[in-house]
Amino acid sequence: MIRHHPDPEILAEYAAGHLHRGAMLVIACHLEGCATCRQEANLWESVGGAFLEDGAPVEMSDDALARMTARLDEKKTVPPALPAFLSRFEIPKPLAGCKIGRRRFVTPAIWFAPLASDDGEPRTYLVYAKSDTVLAEHGHRGREFTHVLAGAFSDSTGTYGAGDFALTDGALSHAPAVTDDGDCLCLISAEAAMRLVSLPARILQAVTGAHY
Amino acid sequence: VGIYLSGWGGYVTDWSDCIIAIAASRDRQAFASLFGHFAPRLKSFFVRSGAAPGLAEDLAQETLLMVWRKAALFDPVRAQASTWIFTLARNLRIDAKRRERDPQAVAEFFESVVEPIPSDYLLSAERDALVRRALTQLPVEQAEAIRLSFYEDRPHSEIAGLLGLPLGTVKSRVRLAMARLRLLVEDKQ
(Lines give C-alpha, C1' and ligand atoms only; values in the text may rest on other atoms or scores of the structure.)
Protein backbone atom coordinates (compact mmCIF):
# COMPACT_ATOMS: atom_id res chain seq x y z
CA MET A 1 0.00 0.00 0.00
CA ILE A 2 1.29 3.44 -0.87
CA ARG A 3 1.57 5.66 2.19
CA HIS A 4 3.64 8.59 1.01
CA HIS A 5 2.49 10.74 -1.90
CA PRO A 6 3.80 13.87 -3.59
CA ASP A 7 2.03 17.07 -2.44
CA PRO A 8 -0.58 18.49 -4.81
CA GLU A 9 1.84 21.37 -5.49
CA ILE A 10 4.48 18.92 -6.73
CA LEU A 11 1.91 17.20 -8.94
CA ALA A 12 0.96 20.57 -10.43
CA GLU A 13 4.66 21.29 -11.03
CA TYR A 14 4.91 17.91 -12.71
CA ALA A 15 1.88 18.56 -14.91
CA ALA A 16 3.26 21.95 -15.94
CA GLY A 17 6.69 20.47 -16.62
CA HIS A 18 8.30 22.79 -14.09
CA LEU A 19 10.47 20.03 -12.64
CA HIS A 20 13.74 18.77 -14.09
CA ARG A 21 13.61 15.61 -16.16
CA GLY A 22 14.85 13.35 -13.38
CA ALA A 23 12.13 14.55 -11.00
CA MET A 24 9.57 14.16 -13.80
CA LEU A 25 10.71 10.54 -14.09
CA VAL A 26 10.44 9.94 -10.34
CA ILE A 27 6.89 11.34 -10.29
CA ALA A 28 5.92 9.40 -13.43
CA CYS A 29 7.01 6.19 -11.68
CA HIS A 30 4.89 7.06 -8.65
CA LEU A 31 1.89 7.90 -10.84
CA GLU A 32 2.02 4.53 -12.55
CA GLY A 33 1.14 2.88 -9.26
CA CYS A 34 -1.03 5.58 -7.67
CA ALA A 35 -4.53 6.29 -8.99
CA THR A 36 -5.14 9.15 -6.56
CA CYS A 37 -2.12 11.14 -7.66
CA ARG A 38 -2.81 10.31 -11.30
CA GLN A 39 -6.18 11.96 -10.99
CA GLU A 40 -4.61 15.08 -9.52
CA ALA A 41 -1.90 15.26 -12.21
CA ASN A 42 -4.47 14.60 -14.94
CA LEU A 43 -6.51 17.57 -13.76
CA TRP A 44 -3.60 19.94 -14.35
CA GLU A 45 -2.63 18.27 -17.60
CA SER A 46 -6.19 18.87 -18.78
CA VAL A 47 -5.72 22.54 -17.90
CA GLY A 48 -2.62 22.52 -20.12
CA GLY A 49 -4.63 20.87 -22.89
CA ALA A 50 -7.36 23.50 -22.59
CA PHE A 51 -4.85 26.35 -22.87
CA LEU A 52 -3.18 24.66 -25.84
CA GLU A 53 -6.52 24.32 -27.60
CA ASP A 54 -7.51 27.89 -26.79
CA GLY A 55 -4.20 29.62 -27.43
CA ALA A 56 -4.02 32.15 -30.28
CA PRO A 57 -2.34 30.22 -33.12
CA VAL A 58 0.99 31.48 -34.43
CA GLU A 59 1.36 30.87 -38.16
CA MET A 60 3.89 28.25 -39.24
CA SER A 61 6.09 28.89 -42.28
CA ASP A 62 4.69 27.87 -45.67
CA ASP A 63 6.82 24.79 -46.13
CA ALA A 64 6.47 23.55 -42.54
CA LEU A 65 4.11 20.69 -43.34
CA ALA A 66 6.20 19.58 -46.34
CA ARG A 67 9.36 19.55 -44.21
CA MET A 68 7.50 17.69 -41.52
CA THR A 69 6.12 15.08 -43.91
CA ALA A 70 9.62 14.39 -45.19
CA ARG A 71 10.65 13.46 -41.64
CA LEU A 72 7.87 10.97 -40.98
CA ASP A 73 9.84 8.04 -42.34
CA GLU A 74 12.89 8.69 -40.18
CA LYS A 75 13.75 5.66 -38.12
CA LYS A 76 12.97 6.02 -34.48
CA THR A 77 15.59 5.07 -31.98
CA VAL A 78 15.06 1.75 -30.27
CA PRO A 79 14.75 2.08 -26.50
CA PRO A 80 17.72 0.52 -24.71
CA ALA A 81 17.28 -2.86 -23.03
CA LEU A 82 17.22 -2.98 -19.24
CA PRO A 83 20.48 -4.15 -17.71
CA ALA A 84 20.52 -7.71 -16.38
CA PHE A 85 21.05 -6.55 -12.80
CA LEU A 86 17.52 -5.12 -12.80
CA SER A 87 15.84 -8.26 -14.12
CA ARG A 88 14.67 -9.43 -10.70
CA PHE A 89 12.90 -6.13 -10.01
CA GLU A 90 9.57 -4.90 -11.24
CA ILE A 91 10.48 -1.78 -13.20
CA PRO A 92 7.79 0.85 -13.94
CA LYS A 93 7.25 1.66 -17.61
CA PRO A 94 8.61 5.22 -17.54
CA LEU A 95 11.90 3.92 -16.15
CA ALA A 96 12.04 0.85 -18.39
CA GLY A 97 12.74 2.96 -21.47
CA CYS A 98 15.61 4.88 -19.91
CA LYS A 99 19.26 4.27 -20.52
CA ILE A 100 20.80 3.08 -17.28
CA GLY A 101 24.53 3.24 -16.73
CA ARG A 102 26.83 0.61 -15.22
CA ARG A 103 26.33 -0.05 -11.56
CA ARG A 104 29.10 0.79 -9.19
CA PHE A 105 29.47 -0.94 -5.86
CA VAL A 106 30.27 1.30 -2.94
CA THR A 107 30.36 -1.61 -0.52
CA PRO A 108 29.38 -5.22 -1.26
CA ALA A 109 25.91 -4.33 0.09
CA ILE A 110 25.36 -1.06 -1.79
CA TRP A 111 25.53 -0.01 -5.42
CA PHE A 112 24.28 2.82 -7.52
CA ALA A 113 23.69 3.19 -11.26
CA PRO A 114 23.43 6.63 -12.86
CA LEU A 115 20.77 7.60 -15.37
CA ALA A 116 22.07 10.92 -16.58
CA SER A 117 25.42 12.14 -17.73
CA ASP A 118 27.39 14.10 -15.16
CA ASP A 119 27.33 17.42 -16.94
CA GLY A 120 26.09 19.58 -14.13
CA GLU A 121 22.49 18.52 -14.58
CA PRO A 122 20.58 17.39 -11.54
CA ARG A 123 21.61 13.85 -10.82
CA THR A 124 19.36 10.88 -11.25
CA TYR A 125 20.36 7.40 -10.21
CA LEU A 126 19.26 4.06 -8.89
CA VAL A 127 20.45 3.12 -5.44
CA TYR A 128 20.39 -0.41 -4.14
CA ALA A 129 21.10 -1.45 -0.56
CA LYS A 130 20.77 -4.86 0.98
CA SER A 131 18.30 -5.55 3.76
CA ASP A 132 19.32 -4.10 7.15
CA THR A 133 21.94 -1.72 5.72
CA VAL A 134 22.26 1.69 7.36
CA LEU A 135 23.57 4.76 5.60
CA ALA A 136 25.41 7.24 7.77
CA GLU A 137 23.77 10.59 8.28
CA HIS A 138 24.04 12.96 5.35
CA GLY A 139 22.57 16.27 4.24
CA HIS A 140 21.11 17.55 0.99
CA ARG A 141 21.41 20.54 -1.24
CA GLY A 142 18.11 21.51 -2.74
CA ARG A 143 15.28 19.07 -3.18
CA GLU A 144 15.77 15.37 -3.69
CA PHE A 145 12.99 13.23 -5.20
CA THR A 146 12.82 9.53 -4.37
CA HIS A 147 10.63 6.69 -5.59
CA VAL A 148 10.91 3.38 -3.79
CA LEU A 149 10.94 0.56 -6.32
CA ALA A 150 11.44 -2.34 -3.91
CA GLY A 151 11.99 -2.97 -0.22
CA ALA A 152 11.69 -0.19 2.34
CA PHE A 153 13.79 2.29 4.25
CA SER A 154 13.22 4.39 7.36
CA ASP A 155 14.55 7.73 8.47
CA SER A 156 13.53 10.38 10.98
CA THR A 157 10.56 11.34 8.76
CA GLY A 158 9.01 7.89 8.43
CA THR A 159 9.14 4.53 6.69
CA TYR A 160 8.99 4.39 2.92
CA GLY A 161 7.99 1.23 1.09
CA ALA A 162 7.53 0.15 -2.52
CA GLY A 163 5.53 2.72 -4.49
CA ASP A 164 6.13 5.47 -1.94
CA PHE A 165 7.39 8.91 -2.79
CA ALA A 166 9.86 10.76 -0.58
CA LEU A 167 10.96 14.36 -0.83
CA THR A 168 13.88 15.74 1.10
CA ASP A 169 14.92 19.36 1.03
CA GLY A 170 18.09 21.20 1.84
CA ALA A 171 17.18 21.37 5.49
CA LEU A 172 16.90 17.63 6.07
CA SER A 173 19.81 15.62 7.31
CA HIS A 174 18.94 11.95 7.59
CA ALA A 175 20.32 8.47 8.06
CA PRO A 176 18.19 6.13 5.94
CA ALA A 177 18.12 2.57 7.18
CA VAL A 178 16.94 -0.25 4.95
CA THR A 179 14.40 -2.31 6.86
CA ASP A 180 14.44 -6.09 7.05
CA ASP A 181 11.66 -6.27 4.40
CA GLY A 182 14.24 -7.26 1.83
CA ASP A 183 16.70 -5.46 -0.38
CA CYS A 184 15.84 -1.88 -1.22
CA LEU A 185 15.97 -0.28 -4.65
CA CYS A 186 15.22 3.43 -5.09
CA LEU A 187 15.16 5.87 -7.95
CA ILE A 188 16.54 9.20 -6.77
CA SER A 189 16.85 12.53 -8.50
CA ALA A 190 18.58 15.45 -6.83
CA GLU A 191 17.69 18.96 -7.92
CA ALA A 192 20.97 20.57 -6.98
CA ALA A 193 24.08 19.37 -8.72
CA MET A 194 26.81 18.29 -6.37
CA ARG A 195 29.77 20.39 -7.30
CA LEU A 196 32.21 19.86 -4.47
CA VAL A 197 31.69 16.20 -3.75
CA SER A 198 31.34 13.63 -6.49
CA LEU A 199 28.43 11.24 -6.32
CA PRO A 200 30.51 8.14 -5.47
CA ALA A 201 32.34 10.16 -2.84
CA ARG A 202 29.08 11.40 -1.40
CA ILE A 203 27.68 7.90 -1.10
CA LEU A 204 30.94 6.58 0.28
CA GLN A 205 30.89 9.50 2.65
CA ALA A 206 27.34 8.67 3.63
CA VAL A 207 28.22 5.05 4.19
CA THR A 208 31.52 5.43 6.00
CA GLY A 209 31.05 8.83 7.55
CA ALA A 210 34.43 9.78 6.09
CA HIS A 211 34.89 13.38 5.02
CA TYR A 212 37.15 14.37 2.17
CA VAL B 1 -18.19 14.39 -33.30
CA GLY B 2 -17.99 17.54 -31.27
CA ILE B 3 -18.67 18.94 -27.85
CA TYR B 4 -20.20 22.39 -27.72
CA LEU B 5 -18.32 24.62 -25.33
CA SER B 6 -19.44 28.19 -25.15
CA GLY B 7 -16.56 30.57 -24.73
CA TRP B 8 -14.06 28.06 -26.06
CA GLY B 9 -14.52 28.57 -29.76
CA GLY B 10 -17.72 26.62 -30.32
CA TYR B 11 -17.40 23.07 -31.65
CA VAL B 12 -14.24 21.20 -30.89
CA THR B 13 -13.35 18.56 -33.43
CA ASP B 14 -12.44 15.20 -32.03
CA TRP B 15 -8.78 15.20 -32.90
CA SER B 16 -8.45 11.88 -31.14
CA ASP B 17 -9.80 10.23 -34.28
CA CYS B 18 -6.86 11.59 -36.25
CA ILE B 19 -4.37 10.12 -33.80
CA ILE B 20 -6.16 6.79 -33.89
CA ALA B 21 -6.03 6.81 -37.70
CA ILE B 22 -2.30 7.50 -37.57
CA ALA B 23 -1.79 4.60 -35.19
CA ALA B 24 -3.95 2.27 -37.26
CA SER B 25 -2.73 3.01 -40.77
CA ARG B 26 -0.02 5.68 -40.72
CA ASP B 27 -2.67 7.97 -42.17
CA ARG B 28 -0.81 10.97 -43.60
CA GLN B 29 -3.98 12.88 -44.36
CA ALA B 30 -5.06 12.60 -40.74
CA PHE B 31 -1.59 13.78 -39.78
CA ALA B 32 -1.88 16.79 -42.08
CA SER B 33 -5.22 17.76 -40.44
CA LEU B 34 -3.71 17.38 -37.01
CA PHE B 35 -0.71 19.42 -38.10
CA GLY B 36 -2.94 22.17 -39.47
CA HIS B 37 -4.72 22.49 -36.16
CA PHE B 38 -2.01 21.86 -33.60
CA ALA B 39 1.23 23.10 -35.19
CA PRO B 40 0.26 26.81 -34.93
CA ARG B 41 -1.01 26.24 -31.37
CA LEU B 42 2.16 24.45 -30.37
CA LYS B 43 4.24 27.21 -31.92
CA SER B 44 2.20 29.65 -29.85
CA PHE B 45 2.84 27.55 -26.74
CA PHE B 46 6.60 27.59 -27.28
CA VAL B 47 6.71 31.28 -28.21
CA ARG B 48 4.75 32.13 -25.06
CA SER B 49 7.19 29.97 -23.11
CA GLY B 50 10.00 32.23 -24.28
CA ALA B 51 11.36 30.47 -27.39
CA ALA B 52 12.37 32.48 -30.47
CA PRO B 53 9.94 31.95 -33.40
CA GLY B 54 12.38 29.72 -35.32
CA LEU B 55 13.02 27.47 -32.34
CA ALA B 56 9.32 27.46 -31.46
CA GLU B 57 8.52 26.19 -34.94
CA ASP B 58 11.16 23.44 -34.65
CA LEU B 59 9.77 22.38 -31.29
CA ALA B 60 6.20 22.37 -32.66
CA GLN B 61 7.41 20.04 -35.43
CA GLU B 62 9.29 17.90 -32.90
CA THR B 63 6.11 17.54 -30.84
CA LEU B 64 4.08 16.44 -33.86
CA LEU B 65 6.81 13.99 -34.86
CA MET B 66 6.35 12.43 -31.42
CA VAL B 67 2.60 12.31 -31.99
CA TRP B 68 3.29 10.41 -35.25
CA ARG B 69 5.70 8.00 -33.58
CA LYS B 70 3.84 7.44 -30.34
CA ALA B 71 0.31 7.42 -31.78
CA ALA B 72 -0.08 3.76 -30.84
CA LEU B 73 0.35 4.67 -27.16
CA PHE B 74 -2.53 7.12 -27.30
CA ASP B 75 -5.73 5.95 -25.64
CA PRO B 76 -8.65 8.31 -26.29
CA VAL B 77 -10.56 7.03 -23.28
CA ARG B 78 -7.70 8.02 -21.04
CA ALA B 79 -6.49 11.29 -22.52
CA GLN B 80 -7.93 13.84 -24.90
CA ALA B 81 -5.82 14.71 -27.91
CA SER B 82 -5.04 18.25 -26.79
CA THR B 83 -4.12 17.12 -23.27
CA TRP B 84 -1.89 14.32 -24.53
CA ILE B 85 -0.19 16.62 -27.04
CA PHE B 86 0.31 19.18 -24.27
CA THR B 87 2.20 16.60 -22.19
CA LEU B 88 4.49 15.83 -25.15
CA ALA B 89 5.16 19.54 -25.70
CA ARG B 90 5.69 20.17 -22.00
CA ASN B 91 8.47 17.58 -21.86
CA LEU B 92 10.14 18.99 -24.96
CA ARG B 93 10.06 22.40 -23.30
CA ILE B 94 12.01 21.01 -20.34
CA ASP B 95 14.71 19.72 -22.71
CA ALA B 96 14.75 22.99 -24.67
CA LYS B 97 15.21 25.04 -21.51
CA ARG B 98 17.97 22.74 -20.40
CA ARG B 99 19.75 23.07 -23.76
CA GLU B 100 19.40 26.82 -23.49
CA ARG B 101 21.28 26.74 -20.18
CA ASP B 102 23.78 24.16 -21.36
CA PRO B 103 24.13 23.76 -25.14
CA GLN B 104 26.20 20.57 -24.69
CA ALA B 105 23.47 18.81 -22.75
CA VAL B 106 22.04 15.64 -24.16
CA ALA B 107 18.62 14.39 -23.25
CA GLU B 108 18.95 10.83 -24.48
CA PHE B 109 18.61 9.22 -21.06
CA PHE B 110 15.12 10.52 -20.56
CA GLU B 111 13.88 10.05 -24.08
CA SER B 112 10.99 7.88 -23.01
CA VAL B 113 9.70 9.66 -19.92
CA VAL B 114 6.71 10.82 -21.89
CA GLU B 115 3.99 8.23 -21.73
CA PRO B 116 0.31 8.91 -21.46
CA ILE B 117 -0.79 8.48 -17.90
CA PRO B 118 -4.03 6.60 -17.51
CA SER B 119 -6.82 8.39 -15.72
CA ASP B 120 -9.27 6.50 -13.60
CA TYR B 121 -12.31 8.16 -12.16
CA LEU B 122 -13.35 10.31 -15.04
CA LEU B 123 -13.37 9.72 -18.74
CA SER B 124 -10.98 12.12 -20.35
CA ALA B 125 -13.67 13.87 -22.38
CA GLU B 126 -15.69 14.56 -19.25
CA ARG B 127 -12.70 15.78 -17.33
CA ASP B 128 -11.54 18.05 -20.12
CA ALA B 129 -15.02 19.50 -20.50
CA LEU B 130 -15.21 20.12 -16.75
CA VAL B 131 -11.83 21.79 -16.73
CA ARG B 132 -12.72 24.04 -19.65
CA ARG B 133 -15.98 25.05 -18.08
CA ALA B 134 -14.23 25.72 -14.78
CA LEU B 135 -11.69 27.93 -16.56
CA THR B 136 -14.50 30.06 -17.99
CA GLN B 137 -16.03 30.37 -14.52
CA LEU B 138 -12.83 31.64 -12.94
CA PRO B 139 -12.45 35.40 -12.61
CA VAL B 140 -10.48 36.57 -15.66
CA GLU B 141 -7.44 37.65 -13.65
CA GLN B 142 -7.27 34.23 -11.97
CA ALA B 143 -7.43 32.35 -15.27
CA GLU B 144 -4.73 34.69 -16.56
CA ALA B 145 -2.56 33.96 -13.51
CA ILE B 146 -2.81 30.21 -14.18
CA ARG B 147 -2.05 30.69 -17.87
CA LEU B 148 1.04 32.80 -17.23
CA SER B 149 2.58 30.70 -14.48
CA PHE B 150 1.37 27.21 -15.27
CA TYR B 151 1.09 27.14 -19.05
CA GLU B 152 3.63 29.74 -20.13
CA ASP B 153 6.09 28.72 -17.44
CA ARG B 154 6.89 32.30 -16.45
CA PRO B 155 8.53 32.94 -13.09
CA HIS B 156 6.38 34.77 -10.58
CA SER B 157 8.79 37.72 -10.69
CA GLU B 158 8.23 38.09 -14.44
CA ILE B 159 4.46 37.89 -14.03
CA ALA B 160 4.66 40.58 -11.38
CA GLY B 161 6.41 42.83 -13.92
CA LEU B 162 3.91 42.00 -16.69
CA LEU B 163 0.86 42.68 -14.56
CA GLY B 164 2.38 45.50 -12.52
CA LEU B 165 1.66 43.68 -9.26
CA PRO B 166 3.78 43.03 -6.17
CA LEU B 167 5.41 39.59 -6.11
CA GLY B 168 3.42 38.52 -3.06
CA THR B 169 0.14 39.34 -4.79
CA VAL B 170 1.12 37.23 -7.81
CA LYS B 171 2.04 34.28 -5.63
CA SER B 172 -1.20 34.37 -3.67
CA ARG B 173 -3.25 34.93 -6.83
CA VAL B 174 -1.75 31.86 -8.53
CA ARG B 175 -2.31 29.76 -5.42
CA LEU B 176 -5.86 31.00 -5.00
CA ALA B 177 -6.67 30.50 -8.67
CA MET B 178 -5.44 26.92 -8.65
CA ALA B 179 -7.34 26.09 -5.47
CA ARG B 180 -10.49 27.63 -6.90
CA LEU B 181 -10.17 25.79 -10.18
CA ARG B 182 -9.80 22.49 -8.38
CA LEU B 183 -12.90 23.23 -6.32
CA LEU B 184 -14.90 24.10 -9.42
CA VAL B 185 -13.92 20.81 -11.06
CA GLU B 186 -14.50 18.72 -7.92
CA ASP B 187 -17.92 20.23 -7.36
CA LYS B 188 -19.04 18.96 -10.74
CA GLN B 189 -17.83 15.41 -10.33
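The interface was examined as a whole before its individual pairs. In the predicted model, 70 residues of chain B are in contact with 58 residues of chain A, and between them the two chains bury about 6100 Å², of which 61% lies on carbon and sulfur atoms. Charged pairs are also found across this boundary, where the count of salt bridges between chain B and chain A is 7. In one such salt bridge, A:Arg67 is paired with B:Glu57, and the closest N and O atoms of the two residues are 3.1 Å apart. Polar contacts across the interface of chain B and chain A amount to 22 residue pairs, with both residues of each pair at pLDDT 80 or more.

On the side of chain B that touches chain A, at least two residues are supplied by each of helix H2 (28-48), helix H3 (53-70), helix H4 (81-101), helix H5 (124-137), helix H6 (140-151) and helix H8 (167-188) of chain B. The largest share of this side, 14 residues, comes from H2(B). When the residues of this side of chain B are sorted by kind, 37 are nonpolar, 11 are polar and 22 are charged.

Attention then turned to the nonpolar cores. The largest nonpolar core has 67 residues, and those with the most contacts inside it are A:Trp44 together with B:Ile19, B:Leu42, B:Phe46, B:Leu64, B:Ile146 and B:Phe150. H2(B) provides the largest share of this core, with 9 residues. The surroundings of B:Leu64 can be followed in detail: when its neighbours within four places in sequence are left aside, B:Leu64 is in contact with A:Met68 of chain A and with B:Phe31, B:Phe35, B:Phe38, B:Ala39 and B:Leu42 of chain B. A second, separate core consists of 35 residues, including A:Cys29, A:Leu31, A:Cys34 and A:Phe145.

Finally, the backbone angles were considered. Most residues other than glycine have a negative phi.

Terms used. Residues numbered from 1 in each chain as written. Chains lettered and ligands numbered in written order. Predicted model: local features only at pLDDT ≥ 70, side-chain atom pairs only at ≥ 80, totals over all residues. Heavy atoms only, no water. Contact = heavy atoms within 4.5 Å. Buried area = accessible area lost by both parts, 1.4 Å probe. Salt bridge = Lys/Arg side-chain N within 4 Å of Asp/Glu carboxyl O. Polar contact = N/O pair within 3.5 Å; in protein donor to acceptor, adjacent residues only side chain to side chain. Helix = DSSP H or I, 4+ residues; strand = E, 2+ residues; numbered from the N terminus. Nonpolar A, V, L, I, M, F, W, Y, C, P; charged D, E, K, R; others polar. Core = buried A, V, L, I, M, F, W, Y, C linked by side-chain atoms within 4.5 Å. Buried < 20%, exposed > 50% of the residue type's maximum accessible area, 1.4 Å probe, protein only.
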